[in-house]
Amino acid sequence: KHFLFEGGIKVRAFVGGPALPEKARGTRYQGLMHISDLMPTILDVAGVEIPHGLDSSSHWKWLTGDRIHPASPRNEIIHNVDLWSFPTDVGLIEMDDGPRGALRWGDLKLITRMWPLGWYKPPLTDDDSDNEGIEDCNSAPDQYAVSDFLFNITADPEEKHNLYYIDALSEVRDAMMERLLFIAGNMSTPSWSLSDPDCVLYWKETGFISPWQGVYIDAGDRDNMWGKPSMLEEL
């Protein structure tokens with residue numbers, strides 16, 4: 001998915017079977033869970049030892065109701081961090097003023113450098129003419145500039161109320177932004193860029209994969225290719 005609102009990344013799931021205790025059946029789990037948590041949770045159900053060093057956790061005790069405090073073994077989800085170009089059907093859009101990403105801390109979700117796409121209700125029937133959702137999620141809306149968002153997903157699951165500029169939340173907002181920038185600043189250089197950085201620069205400038213040897217590339221562009229020159233010094 002190109003977009004980081006809940007409609008593009010959230011997937012419903014359910015648990016059933018004889019291993020699920022009676023007290024947990026018919027209930028709804030409100031804990032924060034990432035897809036990476038599925039493996040340790042399944043291993044836990046099966047009675048298999050969970051390997052050490054995973055950046056994920058088993059939710060089985062919470063799903064069964066054996067644990068309720070804290071509400072989840074997870075309090076953070078890194079949805080995405082992207083330092084590079086955003087591909088659309090009209091070309092590449094540079095992210096030269098900060099990473100595009102999303103971070104969840106408990107109820108709060110921070111989204112950076114994203115278009116304000118709004119919320120579209122799901123169609124009620126196959127011929128629901130009132131539904132005006134986006135047909136092509138690959139297209140960036142030209143009439144919008146990118147913005148930053150902060151939502152309380154628990155209270156506002158449809159992300160209709162942007163809390164980014166609420167003074168009472170400025171401290172946690174800034175802490176989340178600092179965390180997102182820290183992640184972006186410590187990301188590994190993508191393997192496809194290591195062979196010849198000039199190839200990537202030419203792709204970023206033109207939007208096409210084509211011969212780049214002998215093509216003039218501005219030295220300033222090369223120094224600022226990733227938004228952090230220290231990365232290029234490692235190449």
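Mentor: Let's start with a loop: glutamate 159 sits between strand S6 (147-152) and helix H4 (170-185). Keep in mind that this is a predicted model.

Trainee: Is glutamate 159 buried or exposed?
Mentor: The cut-off for buried is under 20% relative accessible area. Glutamate 159 has a relative accessible area of 11%, so the label is buried.

Trainee: What is phi of glutamate 159?
Mentor: Glutamate 159 is a residue other than glycine, yet its phi is positive. The value is near 55 degrees.

Trainee: Which residues are linked with Glu159 in a network of salt bridges?
Mentor: Side chains of opposite charge can pair when their charged atoms come close. Glutamate 6 touches Glu159, and its contacts also include Ile153 and Pro157. The network that holds Glu159 also contains Glu6 and Lys109.

Trainee: How many residues apart in sequence are the parts that glutamate 6 and lysine 109 tie together?
Mentor: The side chains of glutamate 6 and lysine 109 meet in a salt bridge, at 2.7 Å from N to O. Glutamate 6 lies in helix H1 and lysine 109 in strand S5, so the parts they tie together are apart in sequence by 103 residues.

Trainee: Which residue forms a salt bridge with aspartate 82?
Mentor: Aspartate 82 lies in strand S1 and its partner in strand S4 (residues 100-105), so the pair ties together parts that are 18 residues apart in sequence. Both residues are buried. The closest N and O atoms are 3.3 Å apart, and the partner is arginine 100.

Trainee: In which strand is the aspartate 148 that pairs with arginine 113?
Mentor: Arginine 113 and aspartate 148 form a salt bridge, with their closest N and O atoms 3.8 Å apart. At 16% relative accessibility arginine 113 counts as buried, and aspartate 148 counts as buried at 15%. Arginine 113 belongs to strand S5, whereas aspartate 148 belongs to strand S6.

Trainee: What accessible area do Ile35, Leu38 and Ile42 have together?
Mentor: Isoleucine 35 is in the loop between H1 and helix H2 (38-46), and at 65% relative accessibility it counts as exposed. Ile35, Leu38 and Ile42 form a nonpolar patch on the surface, and their accessible area together is about 320 Å².

Trainee: Which proline does a cis peptide bond join to histidine 69?
Mentor: Omega for this bond is about -10 degrees. The proline is found in the loop between helix H3 (60-63) and strand S1 (76-82). Its name is proline 70.

Terms used
Residues numbered from 1 in each chain as written. Predicted model: local features only at pLDDT ≥ 70, side-chain atom pairs only at ≥ 80, totals over all residues. Heavy atoms only, no water. Helix = DSSP H or I, 4+ residues; strand = E, 2+ residues; numbered from the N terminus. Buried < 20%, exposed > 50% of the residue type's maximum accessible area, 1.4 Å probe, protein only. Contact = heavy atoms within 4.5 Å. Patch = residues over 30% accessible without salt bridge, like charges linked within 9 Å, V, L, I, M, F, W, Y side chains within 5 Å. Areas by Shrake-Rupley, 256 points an atom, 1.4 Å probe, with all protein chains shown as cover. Salt bridge = Lys/Arg side-chain N within 4 Å of Asp/Glu carboxyl O. Lists of a residue's contacts leave out its neighbours within four places in sequence.
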